[in-house]
Amino acid sequence: MPRFAANLSMMFNEWSFLDRFKAAADAGFEAVEYLFPYEHAPEDVARVLTDNGLTQALFNCPPGDWGKGERGIAALAGREEAFRASIDTALRYAAATGVKRLHLMSGLADAADPAAAARYRDAVAFAADRLGEQGIDLMLEPINGRDMPGYFLNDFGRAVALIEALGQPNVKLQFDIYHRQIMHGDVTMALRALLPVTGHIQIASVPSRNEPDGGELNYPFLFGELDRLGYTGFVGCEYRPRAGTLDGLGWFEVYRGNRE
């Protein structure tokens, strides 16, 4: 049975950020993920994790200036020094929270630009080395261009090719089923082929990005497939509730026993 992590950037928004941890635990989740913890002190995040018996499944390395439209800086010219500093920041929060997976956003850049590709490859290699020293895996997530136009890493094939070319054992694929379906489809066969290089999975309905209980994907089948494939990692619930978070957890009832 899959192990689910509530995504606190999208779910439980009825509560302030630090209060979302208790709300997720009370709802039966054993783990949490979110985009960024950096507006809060690392010790405060660590405290609410411990107080609520939660595992930190994943969060993102700092993305640059999110408010000004940056979506990662790994592939951007002139941001190399800021990028290296961002990895130091991520590692401070990783040490506090005990997280074992960090996602690195590529940034908005031309996917066909060889210079951007070289910068991105160098950045991934640098981050993987630093994270590997602490026993942490680096996640690379392809993101579809409908949700994030101009995102550099917008193709599963290129992500996997980079992972294989680098050959660094802690560089893994973040397989977001929602993004996969929009970009390429063929989700089940892709899971079967790519699970050996996959370090984290995320879910949402398609096309609405709501609860995984409708739309064009059969999630009960896919959850069963993850069991058949022997996936033991977390499944991040990166979806936007249609209404109240708790009102939309009917799909989760059968899985609550993972925590209780």
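**Pockets, core and loops**

Guide: This is a predicted model. The lining of the largest pocket is made up of eight nonpolar, six polar and six charged residues.

Visitor: What volume does the largest pocket have?
Guide: The largest pocket holds about 270 Å³ of space. There are 20 residues in its lining, and those closest to the centre are Leu35, Ile143, Met148, Arg209 and Glu238.

Visitor: How is that kind of empty space found?
Guide: A probe the size of a water molecule is rolled over the atoms, and this shows where empty space is left.

Visitor: You listed Arg209. Where is the place of Arg209?
Guide: Arg209 sits in the loop between β7 and α8. Its phi is near 60 degrees, which is a positive value in a residue other than glycine.

Visitor: Is Arg209 buried or exposed?
Guide: Arg209 counts as buried because its relative accessibility is 7%, and the cut-off for buried is under 20%.

Visitor: Which other residue has a positive phi although it is not a glycine?
Guide: Asp186 does, with a phi of about 55 degrees. Asp186 is found in the loop between α6 (177–183) and α7 (187–194).

Visitor: Back to that β7 loop. Where is the cis peptide bond?
Guide: The cis bond runs from Val206 to Pro207, with omega near 10 degrees. Pro207 lies in the loop between β7 (198–203) and α8 (219–229).

Visitor: What about the second largest pocket, what is its volume?
Guide: The second largest pocket has a volume of about 180 Å³. Its lining consists of Leu8, Ser9, Phe17, Arg20, Leu35, Phe36, Pro37, Tyr38, Glu39 and His40. By class, that makes six nonpolar, two polar and two charged residues.

Visitor: New topic. Which residues touch the most other members of the largest nonpolar core?
Guide: Phe4, Phe12, Phe21, Phe29, Ile177 and Trp251 do, in a core of 84 residues. Helix α4 (residues 114–132) gives the most to this core, namely seven residues. There is also a second, separate core of six residues, with Ala5, Leu58, Met139 and Phe234 among them.

Visitor: And cysteines? How many disulfides does a search of the whole structure find?
Guide: The search finds zero disulfides. A disulfide is a covalent bond between the sulfur atoms of two cysteines.

Visitor: Are Cys61 and Cys237 buried or exposed?
Guide: Cys61 is buried, because its relative accessible area is 1%. Cys237 also counts as buried, at 0% relative accessibility.

Visitor: I clicked on Ser86. Where is the place of Ser86?
Guide: Ser86 belongs to helix α3 (residues 80–97). With a relative accessible area of 7%, Ser86 is buried.

Visitor: How many residues apart in sequence are Ser86 and Ile73?
Guide: Ser86 and Ile73 are 13 residues apart in sequence, and their C-alpha atoms are 9.4 Å apart in space.

Visitor: Last one. Which residues does the UniProt domain annotation cover?
Guide: The unreviewed UniProt entry carries the annotation "domain: Xylose isomerase-like TIM barrel" for residues 21–252. Over residues 21–252 the chain is 39% helix and 14% strand.

Technical notes. Residues are numbered from 1 along each chain as its sequence is written. This is a predicted model: local features need pLDDT of at least 70, side-chain atom pairs count only at pLDDT 80 or more; totals for chains, interfaces and linings use all residues. Side-chain values use heavy atoms; hydrogens and water are left out. On a 1 Å grid over the protein atoms alone, a cavity is a set of points where a 1.4 Å probe fits but cannot get out, and a pocket is an open set with protein on both sides within 12 Å along at least five of seven lines; lining residues have an atom within 4 Å of a point. Grid points are joined across faces, edges and corners, and a volume is the space filled by probe spheres set on the points. Ala, Val, Leu, Ile, Met, Phe, Trp, Tyr, Cys and Pro count as nonpolar, Asp, Glu, Lys and Arg as charged, and the others, Gly among them, as polar. A disulfide is a pair of cysteine sulfur atoms within 2.5 Å. Buried means under 20% relative accessible area, exposed over 50%, partly exposed in between (1.4 Å probe, protein chains only). A nonpolar core is a set of buried Ala, Val, Leu, Ile, Met, Phe, Trp, Tyr and Cys residues joined through side-chain atoms within 4.5 Å. Helices (H or I, at least four residues) and strands (E, at least two) are DSSP runs, numbered from the N terminus. UniProt positions are given in the numbering used here, feature names are shortened, and annotations may be inferred rather than shown by experiment.
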